[in-house]
Amino acid sequence: MFPSARNFIFFLLSSFLLTSCASLPGLITLTPTEAPQLPTETRFLPTPEAVTLTLPPTESAPAPSATPRPAASPTLQAETSPAAVLSSYTIDALMDYDAKTLQVTQEIIYTHNAEAVSALVLAIRPNELPNVFTLNAVSVDGTPLTTYELDGPKLTISLPAPLENGQSLALGLEYRLALPEMQQGDPNLVRPQIFGVSQRQVNLTDWYPMLVPYIPGQGWLLHDPWFYGENLVYPLANFDVTLRFSDPANAPTVIAASGDGQPVETGMRYQLARGRTFALAMGKTLQVESAQSGQTLVSSYFYPGDELAAHAALEATTKAVETYTALFGAYPHPTLAVVQGDFNDGMEFDGLYYLSDAFYGLYDGTERNYLTLVAAHETCHQWWFGRVANDQAAEPWLDESLATFCERIFYEKNYPEALDWWWSYRVDFYAPKGFIDGDVRSYGGFTPYTDATYRVGARFLEELRKTIGDEAFFAFLKDYSETLNGKIASAPDFFRLLRAHTAADLSGLLAKYFKTPPAP
Ligand SMILES: [Zn+2]
């Protein structure tokens, strides 16, 4: 089953070395004796999966706040997606690189597109950790406000007057970030946290206050934080981000970003149109190699000594962009960054994704390895997360099953001789089980969650493809990508569009894979 001893060893290691696509600073804190120690090597290899932490059931979670949380049967649908007028984020950050602190001024132009509201709700993920985020000032349309409440990652701002349907406002925020150390380990045990710093890397991911979606008739959509993340829902927005350094002579010169960048005095200015989120990664020893993939400049960011693996990551990403563009429609941005991350997972952001440093160390010169398959997975999230978003907490299968199935498509189109290897290595070996339509909290641990939503999810899509045929299947996926482009999709959207492409009897298939099967 495994072509080499090295692959077999890596295979054992990688049962949790998954593309969790999940990152969140931790509210759940393990005691030191429970938390595995990080290896002392420079590489962040995973620790063996020995224990599965039983996570608290949903019922024991804190009582819902005034902010609505969708139940297992979400009501979010594209028709109720946030306003067509996109929010604009203008962020000016001054970084003290040595101190790893940032002083940030941020403005959000927001247009409301629903019944009047008396308050705004923002997600501030850095404030899930102590002593990281300090809010210094809030203003609305230039008038300072003190009528706000910051409760962990939730900022509620009471407005001086209701914001009516169609009205806009300018929300001003000033804050300071003191970047924390990243946290790593078995994601069943240690809550992953890639935001922050390692010895050689700074990651600014989900690092700024973000307006959460407003669902007409329901309210602001902000889930409680969860152990392995996946709790934010990202409305489409435009970003204009300037990063300056207080001591530019001592700043990194290679910076990976979600958007296209231009040098400005003492820093860089980036823009990302129609993006979900804006991420940055930097380090003084970071290197970069780039290649064109159609209209997109793909850049692979890596550390010295890993040139070969970085080149392979670049090649896999350019091929994946071509493959998915042909099937699902164009990649929406002029640039795409692939970053060697000092943590155990692959992780998607818009216009930027991470590949674990461990994948680079174990790269074997072939396409049959995690470096390549996770590159295919994370690149695919640019369509199923970036182009078409979903509620990752309530319906994680919507993006994860598609991104995992995309790996299968990537191998089918580019390395068909490796397709059987992919199924056995990536899916079948784990004997995955579970219904795919649970919310992120419902699985009781990271491994059962990924088994169901990633692996069983890929099997569902494979069986769906066989049931309805290639022509209908790929026409459906392209329709789903185009119809919901820029929106936040839900399972009802998925099945409504699927039904437009097939009259096949899907009742048995849906009952097999879904705890709550949609109407066939
Ligand atoms: Zn994923």
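Thr-266 is found in the loop between β16 (260-264) and β17 (267-275). In this predicted model, Thr-266 has a positive phi of about 65° although it is not a glycine. Most residues other than glycine have a negative phi. Is Thr-266 buried, exposed or partly exposed? Thr-266 counts as partly exposed, because it has 16 C-beta neighbours inside 10 Å, and a residue needs 20 or more to be buried and 12 or fewer to be exposed.

Ala-431 also has a positive phi, near 45°, and is a residue other than glycine. Ala-431 is found in the loop between α6 (419-427) and α7. Ala-431 has 8 other C-beta atoms within 10 Å, so it is exposed.

**The protein as a whole**

The protein has 10 helices and 25 strands. Of its 520 residues, 51% count as buried. Among contacts with a separation of 6 or more, 72% are between residues 24 or more positions apart.

**The five-stranded sheet**

Five strands form an open sheet in the order β19-β20-β21-β23-β22, and the pairing is mixed. Which strands stand at the edges of this sheet? They are β19 (287-293) and β22 (347-349); each has a single partner strand, so one side of each is left without a neighbour in the sheet. From one strand to the next, the twist averages 20°.

| Strand pair | Sense | Bridges |
|---|---|---|
| β20 (296-302) and β21 (335-341) | parallel | five |
| β21 and β23 | parallel | five |
| β22 and β23 | antiparallel | three |

Leu-297 has Thr-335 in β21 as its bridge partner. Val-338 has Tyr-353 in β23 as its bridge partner. Tyr-353 in β23 also stands opposite Glu-348.

The strands β22 and β23 form a hairpin, with two residues between them.

How many of the residues of β23 are buried? Five of its five residues are buried, and the strand is mostly covered. The burial applies to both faces of β23. Leu-352, Tyr-354 and Ser-356 are on one side, Tyr-353 and Leu-355 are on the other, and all of these are buried.

Helix α2 (residues 307-328) lies across β19, β20, β21 and β23 (352-356). The direction of α2 is at about 155° to β20. Helix α4 (residues 370-380) packs on the sheet as well, where it touches β21, β22 and β23. The direction of α4 makes about 155° with that of β23.

**The four-stranded sheet**

Another open sheet has four strands in the order β9-β10-β18-β15, with antiparallel pairing. The edge strands are β9 (196-197) and β15 (255-257). Each of them has a single partner strand, so one side of each is left without a neighbour in the sheet.

Within this sheet, β10 (residues 202-204) and β18 (residues 280-282) pair in the antiparallel sense over three bridges. Which residue of β18 does Val-202 stand opposite? Val-202 stands opposite Met-282.

**Two crossing helices**

Helix α5 (residues 397-414) and helix α7 (residues 446-468) have axes that come within 8 Å and cross at roughly 70°. An angle of 65 to 115 degrees counts as roughly perpendicular, and α5 and α7 are therefore roughly perpendicular to each other. The crossing of α5 past α7 is right-handed.

Which residues meet where the two helices are in contact? From α5 they are Trp-397, Glu-400, Ser-401, Leu-402, Thr-404, Phe-405 and Arg-408. From α7 they are Thr-453, Tyr-454, Arg-455, Gly-457, Ala-458, Phe-460, Leu-461 and Glu-462. By class, this contact of α5 with α7 has seven nonpolar, four polar and four charged residues.

Conventions: Residues numbered from 1 in each chain as written. Predicted model: local features only at pLDDT ≥ 70, side-chain atom pairs only at ≥ 80, totals over all residues. Pairing = 2+ DSSP bridges. Axes fitted to C-alpha atoms, helices over the stretch in contact; angles between N-to-C directions. Parallel < 35°, antiparallel > 145°, perpendicular 65-115°, else oblique. Left-handed = near helix turned anticlockwise from the far one by under 90°. Contact = placed C-beta atoms within 7 Å. Nonpolar A, V, L, I, M, F, W, Y, C, P; charged D, E, K, R; others polar.
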